Amino acid sequence: EGLTTPEIAAQLGLSVHTVTFHRGNIRDKLGVDSAMDLMRYAVLLKLDGADAAEGDPTGINRRERTPED
């Protein structure tokens, strides 16, 4: 939806620092360098939030968790 970090923090009830920290971790794991690259990645995977109520439409998080996770 193109929300700013403070807007995301407010919606989730988190601090701006926490949102920034997690965004950085996501960028590191995906191998992207900027918020814009992260948005391009989301668009590529069609992660626009439209199916958020349906769970994970991409299947990215559908693997079974193990005790090692």
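I26, L30, Y41, L44 and L45 make a nonpolar surface patch of about 420 Å². Patch members have over 30% relative accessible area and no salt bridge; nonpolar side chains (Val, Leu, Ile, Met, Phe, Trp, Tyr) are joined within 5 Å, like charges within 9 Å. A salt bridge is a side-chain nitrogen of Lys or Arg within 4 Å of a carboxyl oxygen of Asp or Glu. The model is predicted: local features need pLDDT of at least 70, side-chain atom pairs count only at pLDDT 80 or more, and totals for chains, interfaces and linings use all residues. Residues are numbered from 1 along each chain as its sequence is written, and side-chain values use heavy atoms, without hydrogens or water.

**Patch**
- α2 (16–30) and α3 (35–44) each supply at least two of the patch residues.
- L45 lies in the segment after α3.
- L45 counts as partly exposed because its relative accessibility is 32%; the class runs between buried (under 20%) and exposed (over 50%), with a 1.4 Å probe and protein chains only.

**Fold**
- The protein chain has three helices and zero strands; these are DSSP runs numbered from the N terminus (helices H or I, at least four residues; strands E, at least two).
- The element order from the N terminus is α-α-α.
- α2 has 15 residues and reaches 21 Å from first to last C-alpha, close to the expected 21 Å at 1.5 Å a residue. That expected span is 1.5 Å times one less than the number of residues.

**Surface**
- Of the 69 residues in the protein chain, 13% count as buried.
- The chain's accessible surface is about 5,800 Å², with 55% belonging to carbon and sulfur atoms. Areas come from the Shrake-Rupley method with a 1.4 Å probe; for residues, only the protein chains shown count as cover.
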